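User: Hi! I am new to reading protein models and would like to learn how to look at one. Could you walk me through some features?

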Amino acid sequence: METPPSPYLGSKMSVTAANVVEVTDATFEQVVVEGSRERPVVVDLWASWCGPCKTLGPILEKVAQERGGAFLLAKLDVDANPMVSGAFGVQSIPTVIGFRDGEAVTGFVGSYPEDAVNQFVDSLLPSEAEIAADEAQAVEETGDLGGAEQRYREALEKDPANREAAIGLGRILAERGDLDGARELIAPHLPDPEAERVAALIRVRGWSSLEQTSGLDAAKRSASDGHYRQALDAMLALLPGDRDGAREAMVDVFSVLGDDDSLVAEYRRKLTNALF
């Protein structure tokens with residue numbers, strides 16, 4: 001069903017459901033916040049009595065149509081929907097807010113010319129490096145680590161500071177044993193949670209060089225070889241004599257395995273019971 005045009009639109013401009021939609025207080029969370037996890041969303045807060053809104057609105061619609069769905073334009077009438085405008089402290093209209101990944105990240109107030117609107121949209125859309133990094137992550141998830149590594153490197157050539165590409169490539173290097181290379185890649189991004197997880201992977205893979213001079217060293221070697229249950233059992237048994245060392249080692253293994261792994265849930269409970 002096609003959304004009816006808003007009052008400020010000219011006769012030659014209509015609302016296309018794929019690119020431009022009307023939103024309300026009731027639909028804002030789903031359409032804008034959750035929708036921005038799939039593609040950027042530009043919110044145009046306007047009112048029928050606002051002269052500058054009548055100038056800016058058609059420009060925003062034109063840009064949305066020209067970008068062919070690269071972003072969603074969501075229009076919200078502030079008079080009919082005071083909750084959203086109040087939540088964002090809107091004091092003047094038109095106000096435009098850009099959303100990405102579920103968060104408001106940028107915006108402007110007032111009627112901008114078309115060139116400035118395009119610059120604003122460019123700042124909101126993913127860069128070439130971000131697109132390449134997303135593609136690399138998708139390839140990595142298929143198990144094609146060689147293809148993913150190539151794409152991560154391409155992303156870093158476009159933007160050496162790209163977080164996702166650096167952490168993704170660091171993860172691949174750590175898995176194959178290039179620990180120094182992995183460490184160098186993730187260092188600028190710590191303490192990002194994903195970078196911290198790769199840092200834990202680096203530590204666990206590094207345990208393979210331990211000489212097993214203690215029970216904890218032997219347990220760590222088991223973990224570095226992928227014998228995680230055996231390693232966690234041994235670490236758990238060592239808690240009374242080496243509370244901090246064994247606990248930290250278990251936490252590193254948890255980080256490597258990830259929260260969805262059944263071993264993590266099982267041994268987190270055991271660790272908590274042993275400590276408290």
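Analyst: Happy to. Let's start with a polar contact, which is a pair of N or O atoms within 3.5 Å; within protein, one must be able to donate a hydrogen and the other to accept it, and residues adjacent in sequence count only if both atoms are side-chain atoms. Here, the side chains of serine 222 and glutamine 230 make a polar contact at 3.2 Å. A word on the source: this is a predicted model, where local features need pLDDT of at least 70, side-chain atom pairs count only at pLDDT 80 or more, and totals for chains, interfaces and linings use all residues. Residues are numbered from 1 along each chain as its sequence is written, and side-chain values use heavy atoms, with hydrogens and water left out.

User: Where is serine 222 found?

Analyst: Helices (H or I, at least four residues) and strands (E, at least two) are DSSP runs, numbered from the N terminus. Serine 222 is part of helix 10, residues 215-224.

User: Is serine 222 buried or exposed?

Analyst: Buried means under 20% relative accessible area, exposed over 50%, and partly exposed in between (1.4 Å probe, protein chains only). Serine 222 counts as buried because its relative accessibility is 11%.

User: Which residues does serine 222 touch?

Analyst: Contact means heavy atoms within 4.5 Å. Not counting residues up to four places away in sequence, serine 222 touches His227, Gln230 and Ala231. Alanine 231 sits in helix 11, and with 0% relative accessibility alanine 231 counts as buried. Leaving aside neighbours within four places in sequence, alanine 231 is in contact with Ala219, Ser222 and Ala223.

User: How do helix 10 and helix 11 pack?

Analyst: Axes are lines fitted to C-alpha atoms, for helices over the stretch in contact, and angles run from 0 to 180 degrees between N-to-C directions. Angles under 35 degrees count as roughly parallel, over 145 as roughly antiparallel, 65 to 115 as roughly perpendicular and the rest as oblique. The axes of helix 10 and helix 11 are 7 Å apart, at an angle of about 160 degrees. Helix 10 and helix 11 are therefore roughly antiparallel to each other.

User: What is the handedness of the crossing of helix 10 and helix 11?

Analyst: A crossing is left-handed if the near helix is turned anticlockwise from the far one by less than a right angle, and right-handed if clockwise. Helix 10 and helix 11 have a left-handed crossing.

User: Which residues of helix 10 and helix 11 meet?

Analyst: From helix 10, Gly215, Leu216, Ala219, Lys220, Ser222 and Ala223 meet Tyr228, Gln230, Ala231, Ala234, Met235 and Leu238 from helix 11. To sort them, Ala, Val, Leu, Ile, Met, Phe, Trp, Tyr, Cys and Pro count as nonpolar, Asp, Glu, Lys and Arg as charged, and the others, Gly among them, as polar. By class, this contact has eight nonpolar, three polar and one charged residues.

User: How do the axes of helix 11 and helix 12 cross?

Analyst: Helix 11 (residues 228-238) and helix 12 (residues 243-257) have axes that come within 9 Å and cross at roughly 155 degrees. That makes helix 11 roughly antiparallel to helix 12. The residues of their contact divide into twelve nonpolar, no polar and no charged. Helix 11 passes helix 12 in a left-handed crossing.

User: And how do the axes of helix 5 and helix 6 cross?

Analyst: The axes of helix 5 (residues 128-141) and helix 6 (residues 145-158) cross at roughly 170 degrees and come within 8 Å. That makes helix 5 roughly antiparallel to helix 6. Their contact residues divide into nine nonpolar, two polar and five charged.

User: What should I look for in the backbone?

Analyst: Most residues other than glycine have a negative phi, and most peptide bonds are trans. A cis peptide bond joins isoleucine 93 and proline 94, with omega about 0 degrees. Proline 94 lies in the loop between helix 3 (82-87) and strand 4 (95-100). The bond from leucine 190 to proline 191 is also cis, and omega is near 10 degrees. Proline 191 is in the loop between helix 8 (179-186) and helix 9 (193-206).

User: Which residue other than glycine has a positive phi?

Analyst: Aspartate 101 has a phi near 55 degrees, a positive value. Aspartate 101 is placed in the loop between strand 4 and strand 5 (103-109).
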